[in-house]
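Visitor: I would like to learn how to read strands and charge pairs in a model. Can you take me through one?

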Amino acid sequence: MKKLLSLLLAAMLTAGFSSAQADTLTVHPDQALHEVSPTLYGIFLEDINCAVDGGLYAELIKNRSFENENLWNPQHADHWEAWRVSKWNQAKLTLENAEPLNEKNPTYLHIALEEGGWATVSNQGFGGNLLRGGVPIQAGETYDLTLYIRFSEEAARNDSAVTVCLSDAAGNALSNEAVFQWGENPLETWMNPDKSWWRYQAVLTATENAGALLKLQIAGQGAIDVDMVSLMPGDRIGKEWPGGGMRKDLVEALRELHPKFLRFPGGCVVEGTYVRSDAYNWKDSVSIGDAADRREIPNTWGGMLTMGVGFYEYFCLCEEIGALPVPVVHAGLLCQARDVKDPPLTMAEMQEYAQDILDLIEFATGGENTEWGLLRAWMGHPEPFDLRYIAIGNENWGAAYFSRYEVLAKAVKEKFPDITCIVSAGPVAEGGLIQDSWNNIRRRFPNDLVDEHYYMDSGWFPAHVNRYDKYPRTTKVFLGEYAAHEPVQGNRRPNNLYAALCEAAYLTGIERNSDVVVMSCYAPLLSREGEVDWTPDLIWFNDSTVYKTPSYYVQQMFTQACGTELIASETDGDLFQAVTRTETEVQVKAVNLSDQPVPLTVIVSGAENQTVRGQMLTGEKNHVNSFARPDKIVPTEIVCECADEKTAIELPPFSLVILRYSF
Ligand code: AHR
C-alpha cells in the first residue's frame, strides 16, 4: 500500500503543473556558506511521564524495593504502592528497616510465619491496578526474575520457601513456578557480608498474553525477609548493564532517530523536588553488581527514580544508539522556578560539590588507575566513554547561578580542558531574564556553550525563524529544550501535524544558522499513556506498543538529511527552506505552512539530469497519530525528475518535503 501511494505521488510530482505560477527555489551547490554542526540534532531524555521508570527501563515491577517515599506526591509516598497482600494464615507481613540489605535500600518486606503459616503477596507492575494486574506478558516469552531473600535460622530449618510465578487476578498461574529455599543456588553477591541476605534468580516463561501479577507465596515457619523483587523481559537491550537493561522497542525508537547526542538525566529531575536531599547525585546512581546498592530518590515529576537507569546506563545507552553523552548536573541550586525549601549551596560548600563533578568526568573518561575510572571498569566498561560535554545547571539564571557556575566550570576547565562546559541561559526565549543571562555569559564565559530553552505557541516558531541570524557568529548555542505548543484540548496539548511543521520551519532557520546553533533537541522525549505529566511529547508508549508523533518524524527527516555544509539558496515564495550538501549529495528541505498547495520549481545549478528521491510529510493540519492510528501522519517516499537543473514539484498544503540530489 505504501509503495502504491509512493508511486502515485511520484506520478503526480513528475506530471508538473499547468495553471498556477510556480515559486522558485534556487540552489547554488558551489557556494558553501559554512559547515553544518555535526552534532546538530540530538535527543533529551528525562524521567518525566514515566519515560524511564515504567518506560525505557526494562523493570516490570513497580516499587520493587519497597522504598516509595515521595512526600511531595502522596500516592507515591506509600511503601506498599503496587503491592497487595491477598491471603494469609498464621502469618504477619510488615515493612521493616532494621538490618537492611544496605543503607541505601533500607525498607524490606518482613514475613513472620508461625507453624504452618503462609501468605500471598503480589505486585501489579506499572500498567495495571490491584484488581487486574499490569505486568505485561506474552505467551512463550521468558522473564528474568531476581530477588533478595533473608531466611532466619528457624525458617531455614523448617524448609520454608518463597514460591514465585506470574498469575492472573484470581491467583491462577500464568507461568512456571520458581521455588527459593535457604542455601539453594543463590547468586554470589557482596551485599552479603554477614551471609544473611542472598540474591536468587530464575526464569519465568509466560503461558498467556496478559496483564499479570507477580505472585509471591511464602510458606513455612520462621521469619523471611524479601527485597528488590525484579522481573525483566528476557528480550531486552543491555542485559549485561548492572541496572539490568532497557526495553527494546523504545531503544529502537530512539536509535531510529539517529541522534548525534543524548542529553540526560534532566531537566528538572537533576535539581530534585523542593529539598536538597532529593537533588540528583550521580554517585547514587552507580553500583557494581546490580541496582540494589543505589539510593532511590523522589522524582520531581512524581513517583521515584529507581536509579536502575543510572549514569553508567545512560552512558551505555549513548553508545548503543551512537550518540555522544551530554550529562547535566545541578549547579548547587534547587529549581529556581519553584518555591523550594532549601537555599543554594554556600560558596564554601561549592568546592566540595565541584569535586563530585570532577569525579563524574573521571568516572566517564578516567583510566583504571583512577578511583572512578576503576569503578566504571568494574561495572563492565574498561574503555572510557566518549565524554566531551558537561552541562552545569538546568534553566538557571541570575547572580546566584552564575557565581556558582563560575566555580564549577573553572574546576572542570582546570582539570579537564578538553571538556566543553554548557551554561544555562534560563527558561525563556525572550525578555529581560535571557538578556541578562546573555550579558553575563558574553562577559564571563564567552567560550562556553549556551543552553537555551523555550516552549512557545506553534506560531511563534515560523515567526522567529530568523532568531539566530542576529547572533554573533562566535557565540555557540545548544538549544537544549524546545517544542511547539498547540492550545490545550481536553487535558493535553496535541502533537499534531501543524505543530510539527512549525518546528520543521524553525529547523530550517536552525540549519541555516548551524554555525551558531551547534546542538538542538526536542523536549520531552517519551510519554507513557496514563502517566502524563507534560504534553506534547515526541514518542508515546504503553506496555506493548509505541507510536511516533509527527514531530518525531520531523526530527528524523531532518537528522537523516543533514549535510555537512550549508549552501546558498534563495526562494521567491513563502516557503521555509534550507539546503545542505555532503560530498556526494545535496539535500533540499522545504516547508509549506499554508493551507494551499504550492507549485515549486527547484533549480539546482550543476545538477545532472536524474531521478530525485526524497520524503514528504503531509496531511490534515490537526491530525495526530495515536495507538489506534499510529500511521496517520508518516513520511512517504517520493520521486521526481530533475531535467536541465530543474525539478517541478507541488508541495501540498501543510507539508514538509526533502529532496536528495546525487552530486
Ligand atoms: O521538558 C520538561 C521540563 O521543562 C524540563 O524538566 C525542564 O527543564 C523544563 O522546564
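Predicted model: local features only at pLDDT ≥ 70, side-chain atom pairs only at ≥ 80, totals over all residues.

Visitor: How do strands of a sheet pair?

Guide: They pair through backbone hydrogen bonds, either parallel or antiparallel. Here, take strand β6, residues 142–151. β6 pairs with strand β9 (residues 197–205) in the antiparallel sense, over 9 bridges. Within that pairing, Y148 has R199 in β9 as its bridge partner.

Visitor: How many bridges join β6 to strand β10?

Guide: There are 8 bridges between β6 and β10 (residues 210–233), and the two run antiparallel. R150 stands opposite D225 in β10.

Visitor: Why is β6 described as largely enclosed?

Guide: Count its buried residues. In β6, 8 of the 10 residues are buried, so the strand is largely enclosed by the rest of the structure.

Visitor: Which residue does R199 meet in a salt bridge?

Guide: R199 meets D290, at 2.9 Å from N to O. R199 is in strand β9, while D290 is in the loop between β11 and β12, 91 residues away. R199 and D290 are buried. Elsewhere, salt bridges with shared partners join E252, R255 and E320 into one network.

Visitor: Where do K62 and E81 sit?

Guide: K62 and E81 are in the loop between α2 and β3, 19 residues apart. Their side chains form a salt bridge at 3.4 Å, N to O. Are they buried or exposed? The cut-off for buried is under 20% relative accessible area. K62 has 13%, so K62 is buried. E81 has 11%, so E81 is buried too.

Visitor: How many strands form the closed barrel?

Guide: It has 9 strands, in the order β1-β23-β24-β25-β30-β27-β28-β29-β26, with mixed pairing. Neighbouring strands are turned by 30 degrees against each other on average, direction ignored. Helix α11 (residues 497–512) packs on this sheet, touching several strands, including β1, β23 and β24. The direction of α11 makes about 50 degrees with that of β24.

How values were computed: Residues numbered from 1 in each chain as written. Heavy atoms only, no water. Buried < 20%, exposed > 50% of the residue type's maximum accessible area, 1.4 Å probe, protein only. Helix = DSSP H or I, 4+ residues; strand = E, 2+ residues; numbered from the N terminus. Pairing = 2+ DSSP bridges. Axes fitted to C-alpha atoms, helices over the stretch in contact; angles between N-to-C directions. Contact = heavy atoms within 4.5 Å. Salt bridge = Lys/Arg side-chain N within 4 Å of Asp/Glu carboxyl O.
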